Amino acid sequence: MAEKTVLILDEQAEAYLERLVPRLTGIEWIAARLVPEAMERVGAAEVVMARGSLLTRALLAGARKLEWIQVLTSGVDGIDLGGALPTVTSLRGVHGPQMAELAFLYMLADARGYDRLRRQQAAHCWERFLPGTLAGKTAVFVGLGSVAEAIAARCRAFEMRCVGVSGRAQADFIDLIVPRERLDEAASMADYLIVLVPGGAANDGLVSSRILAAMRPSAMLINLARGRVVDEAALVERLRSGALRAAGLDVFREEPLPAGHPLWGLPNAMVTPHVGGASEQYIERAARIIEHNLRMFVQGRIDLMRNLVRS
């Protein structure tokens, strides 16, 4: 069987190779950290592996032998494939644990009054108060993919109710599914409105000022999707006025978030620097999916590859 050439374009390309090279035979590897380096060598590759945002039309146009794209993220909304479509697979599922933990960081900090506790500690102030709990609260998921299911599984352990906004008929750990055209109704149910839809024109501004207005003043918005999905200006206004109690935000319309952006200074906004999908185990978890897919690709068993987007 002819050897396959695989280009990995990633800042941590060498870390991927450390895990994959000893596990696989029949592969010629090309590691590139930056796009210009990849552009010079992509012509030899049957397989290209990179984050969606790096898979530009210009890069793929140079991949004259391209048969398969392994996207090194769970979403594929950043890919500009242009004309012919090769087999495409994603890393769907690899982000679940870490993104679920970030969602719970926001929710637990909010419910248990962690910001107040930290301020009291800094002031050497012993002042008891009655914090809330997550038990009995409702989490509403805007988007029902693998990350939503990972968070919902943990919500179940915390005795929370889970509502999904989706066209799907059912999903694991979800108590009720509401169609997308009733998003405002679903938002009105939420103690925590958790945004998880992919990027793209169809979802730009989905969580609009109207949807934010439908939320209860006691609710919290959590955005782990894309910054453009939420009307950021409307969100800032509702947080400032107290019409919305809190927000946990890992993604923004402009990243890095500009130093003068009002979200930095709002005490009821938790700002994190787009770390939801990151973890120290990410590459190892991703490598297991890639290893399986490479074995199936070399054997010609495209149908058995994991997370097929196109074939």
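Cys162 is buried, at a relative accessible area of 0%. I looked up Cys155 next: Cys155 is buried too, with a relative accessible area of 0%. I kept in mind that this is a predicted model.

How many disulfides does a search of the whole structure find? I get 0. A disulfide needs the two sulfur atoms within 2.5 Å.

I find an open sheet of 6 strands with mixed pairing. I read the order as β2-β1-β3-β4-β5-β13. Which strands stand at the edges? They are β2 (27-32) and β13 (308-310). Each has a single partner strand, so one side of each lacks a neighbour in the sheet. From one strand to the next, the twist averages 20°.

I checked the pairing of β2. Its parallel pairing with β1 (residues 4-9) runs over 6 bridges. Ile8 has Ala31 of β2 as its bridge partner.

Last, the helices. Helix α1 (residues 13-20) packs on the sheet and touches β1 and β2. I note about 160° between the directions of α1 and β2. Helix α10 (residues 282-298) lies across β1, β2, β3 (47-50), β4 (68-71) and β5 (87-89). Against β4, α10 runs at about 170°.

Notes. Residues are numbered from 1 along each chain as its sequence is written. This is a predicted model: local features need pLDDT of at least 70, side-chain atom pairs count only at pLDDT 80 or more; totals for chains, interfaces and linings use all residues. Side-chain values use heavy atoms; hydrogens and water are left out. Buried means under 20% relative accessible area, exposed over 50%, partly exposed in between (1.4 Å probe, protein chains only). Two strands pair if DSSP finds at least two bridges between them. Helices (H or I, at least four residues) and strands (E, at least two) are DSSP runs, numbered from the N terminus. Axes are lines fitted to C-alpha atoms, for helices over the stretch in contact, and angles run from 0 to 180 degrees between N-to-C directions. Contact means heavy atoms within 4.5 Å.
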